[in-house]
Amino acid sequence: MTRDLLSRCSHSKQVKQIQARFVTSGLLLASVFHHNALLRAHSRTASASPSASPAAAFPIYTHLLRRGLRPDSYTLPFLLNFCSLLLARYHGLSVHAHAIRLGRDADLFLANALIHFYSVVRDLAAARRILDLASFTDVVSYNSMLTGYLRAGDLDSAWSLFDGMSETNVVTWSAMISGCLQGGRSKEALALFSRMQAEGPEPNDMTLVSVLAACAHLGALEQGKWIHSYLRSNGIKISVFLGTALIDMYAKCGQVQLALSLFDEMPEKNLLTWTTMIKGLAMHGNGVEALQLFSVMGASGFVPDDVAFIGALCACTHAGLVDQGREIFDSMRKDYGIEPKLEHYGCMVDLLARNGLLEEAQGLIKSMPMEPDALVWGALMAGCKLHRNVELAEHSVKHLIKLEPDSSGVYVLLANIYASSGRHDKAREVRCMMRTKRLQKTPGCSLVEIGGRIHQFLVGDIAHPLIKDILSKWEEIESLIKLEGYVPDKKEVLLNIDDEEKEDALARHSEKLAIAFALISTEEGMPIRVVKNLRVCSDCHQDLFPEIHHALLIPQWKLNSISFW
């Protein structure tokens, strides 16, 4: 009965009420079990109680000692877990010291709790010493250390520990896959998932959500589809979290209709599901449909939060719906009592700047109640590039350099603005400044999925084993599209080289190499999807690819469709 009451507690106040009843009834006088039950309840409710403090649990432990009771194998682990949740480093150290004094430091449960505690408070060296010196360890011990490394972003140490583990479980694999994803190593996450299928346990929802996120990041549509089929063929119920991850994957891989179909089929949705679908429609320029869905969401009883408003504002940005964007931004405070955050101001600046309303965007930045960050100034600067406003771009770059002095992207964008405006001397000055500061431009990278395998191309890449065939195919493409009227846009090639060399430099852009490779590697009619780490270059986006799409209708070409994400 006592355990049931405590297990139902959702807040520390409820635990304290039961604790008071224990004291007045005398249940705590000679019972380690009841002390442990209270410690466990405080540990479980600590994360849901913002005002929770060590003062809630430690008097219980003190009472146990004063009654002459000896802690059992559960007492100190419950107390340490409480310290971990509160990040109470000093109190956790005290528990560790007392465990040594009592001679319980060799206990397996306590060792696992200590490894978890030290990893949470970011003392990974102490956690590793406990793991290496512990008399007994199990898979939980190693998982605690593994998640500690991953939480700290030390993926290399996590890999080393993982490869040396004699026993693993689904938590181990899921943590590693999620860690690779969070560390920006999505290809490794997918490779690890393939390895898990061959030698590991059955994946759970947590595993599959991380894998779907990696597929979305890489544009690995075929692997994402395989997971969807895996769920259906194994009769696995698609939970709200899995369904939302699938919608996100389909949308980011360009299959917005598949995302919408899955969204309509889901019997249960949460606010994140609606927001994901709204953002999916928005990123494909379906702003009107996204805003309609935003309205339906409200009519369905879901009150939009600050994240949902970001989705709605993004819809306005991608579709150029300036008036609707202003209305939605104003309604946040007026109708919902939500104060716009930095991200919302960034969306509005992006919307206004993209549509040429640069003075209004600048005025909005000045009116912000918080300091604008690099994304806000970057949105304004991108609008300056689009509309060739050099003076405002120079003003923006001063703020950007203060915020991100080591960011090469700021200088590259300014140099491109100068170049596109014909001020090549200024563009060269910026490039010289980059060399002086030893700043390297982020290389353009394009990914294309062929037969379930991700192929990566960098700008100027010659490392691919089929590079000769790829360049030959591109020459064929270029000769054909020139007949259709394509002329390379060389105004942003800032090198001191002649026009013929500029054309060669443009021909080796990563997205062009990816297309050529895909055309020699796919069957007729198969779509080609290229994922970029940077925006598609102006030569590609404005002039080249419309011509390719037109040229693909010519009989001697395979009828492939090409899309970029």
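A crossing of two helices is left-handed if the near helix is turned anticlockwise from the far one by less than a right angle. In this predicted model, helix H18 passes helix H19 in such a left-handed crossing.

Two packed helices are described by the angle between their axes and the distance between the axes. H18 spans residues 287-299, and H19 spans residues 306-319. Their axes come within 8 Å and cross at roughly 155 degrees. Angles over 145 degrees count as roughly antiparallel. H18 and H19 are therefore roughly antiparallel to each other.

The contact draws on both helices. H18 contributes Gly 287, Ala 290, Leu 291, Phe 294 and Met 297. These residues meet Ala 308, Phe 309, Ala 312, Ala 315, Cys 316 and Ala 319 in H19. By class, the contact of H18 with H19 holds 10 nonpolar residues and 1 polar residue.

Not counting residues up to four places away in sequence, Thr 273 touches Val 240, Thr 244, Ile 247, Phe 263 and Met 266.

Confidence was examined along the chain. The chain averages a pLDDT of 82, and 81% of the residues score at least 70. Over residues 492-505 the pLDDT is below 50. Where pLDDT is low, the predicted coordinates should not be read in detail.

Definitions and conventions. Residues are numbered from 1 along each chain as its sequence is written. This is a predicted model: local features need pLDDT of at least 70, side-chain atom pairs count only at pLDDT 80 or more; totals for chains, interfaces and linings use all residues. Side-chain values use heavy atoms; hydrogens and water are left out. pLDDT is the predictor's confidence in each residue, from 0 to 100. Contact means heavy atoms within 4.5 Å. Axes are lines fitted to C-alpha atoms, for helices over the stretch in contact, and angles run from 0 to 180 degrees between N-to-C directions. Helices (H or I, at least four residues) and strands (E, at least two) are DSSP runs, numbered from the N terminus. Angles under 35 degrees count as roughly parallel, over 145 as roughly antiparallel, 65 to 115 as roughly perpendicular and the rest as oblique. Ala, Val, Leu, Ile, Met, Phe, Trp, Tyr, Cys and Pro count as nonpolar, Asp, Glu, Lys and Arg as charged, and the others, Gly among them, as polar.
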